[in-house]
Amino acid sequence: MITENNDNRLYWIDNLRATACLMVIMIHTTSFYVTHGLGVGEYNWLMANVLNSASRVSVPLFFMISGFLFFGERQAGKKHFCRIACCILFYSIISLIYMNYLTSINTVEALKDVFQKPIFFHLWFFYALIIIYLLSPLVRIKPVSAKGLIWIVLLLGVLANPNTNVVNIGKVSVLPLNFYISGDAFYYVLYAMLGRAIGVMDIQGKFIPYAMGGIFLLAVALIALGTKRQLIINGEYAETYYIYCGPLVFIAAISLFIVFKQALTHPPAMPLRLISHYSLGIYGFHAFFINFARTHNWDNKAYPMLDIPVLFAVTLVCSLLLAVGLGKIDRRHWVS
């Protein structure tokens, strides 16, 4: 997200970055309805669940883009570390100002944990991205065959994924396989590594994008159905199938990444080009608009199917305008 292409632009990366940015906004726009369960109405909840499920790949895609850019010949340098530090500082200050004047959140309490968690919830991504930057001088992804990639995805992404549902045959525990994988950071790095491996892979076959698109849609459907099933079992929302490192999200992210690499190589349309270019600023600002609307009743919860697209559009436009304005001041694009 806070990286940029060189003069020989890879348009599929621009298209993918813009799409991932839009998906992030959609996640936070629909979260209110998803987390409130069937109390918002079954149809409204189902629609919000589908939109949220389809957008779950957004953050994994950003890690994959960063890995594609920095796990090859190029590596993160002083400029990139300075930039991410500036982003954390700048958007944390903006968060504190917002929290102090427009919310009831205790800013003093938030500052006490500043070294343990971000000031505002959406800023966690910047902290996690530091891992990718730190590892970039050490990681050089070699060319991998399609068969090798499938085995990696199957074993690490599904069968040995700690988030895979437990499967027992009698008294024998079968899944997940115990490869001693723990922690989300492993999967953030794995996403980045696969982003580079897939990005430089010579994938043949004109039907591949269609097949991968089908797998993406199937994974999204299973995420949505699994979330509904969990809601029925628990009596309330559970993020079991929503987590970024879960096997279904893992498969969906890889599938969509391949679709863009193979089929969306044309220059992005002007709106997508703007969103891609200012994705950092959009990401940094968007959460404040959604949070303000939800907590100050500036939304329209009585009509969710109207509220979701309107709040999404308003958040996108306002965040984009702020990002463009910030870019006029921040000429070196340290935080924009």
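Modeller: Before we start, a residue is called buried when its relative accessible area is under 20%, exposed when it is over 50% and partly exposed in between, using a 1.4 Å probe and protein chains only. This is a predicted model, in which local features need pLDDT of at least 70, side-chain atom pairs count only at pLDDT 80 or more, and totals for chains, interfaces and linings use all residues. Residues are numbered from 1 along each chain as its sequence is written, and side-chain values use heavy atoms, with hydrogens and water left out.

Colleague: Thanks! Is tyrosine 133 buried or exposed?

Modeller: Compare its relative accessible area with the cut-off of under 20%. Tyrosine 133 has a value of 0%, so it is buried.

Colleague: How many residues of helix 3 are buried?

Modeller: Helices here are DSSP runs (H or I, at least four residues; strands are E, at least two), numbered from the N terminus. Helix 3 covers residues 58-70. It is largely enclosed by the rest of the structure, because the buried residues number 13 of the 13.

Colleague: How are the rings of phenylalanine 63 and tyrosine 188 arranged?

Modeller: Rings of Phe, Tyr and Trp (its six-membered ring) pair if their centres lie within 6.5 Å; planes under 30 degrees apart count as stacked, over 60 as edge-to-face and the rest as tilted. A search of the whole structure finds 28 aromatic pairs. In this one the centres are 4.6 Å apart and the planes are at 15°, so the pair is stacked.

Colleague: How many residues apart are those two in the chain?

Modeller: Phenylalanine 63 is in helix 3, while tyrosine 188 is in helix 8 (residues 184-199).

Colleague: Which way does helix 7 run relative to helix 8?

Modeller: Axes are lines fitted to C-alpha atoms, for helices over the stretch in contact (heavy atoms within 4.5 Å), and angles run from 0 to 180 degrees between N-to-C directions. Helix 7 (residues 146-159) and helix 8 pack at about 170°, with axes 12 Å apart. Angles under 35 degrees count as roughly parallel, over 145 as roughly antiparallel, 65 to 115 as roughly perpendicular and the rest as oblique. So helix 7 is, relative to helix 8, roughly antiparallel.

How values were computed:
Expected span 1.5 Å × (residues − 1).
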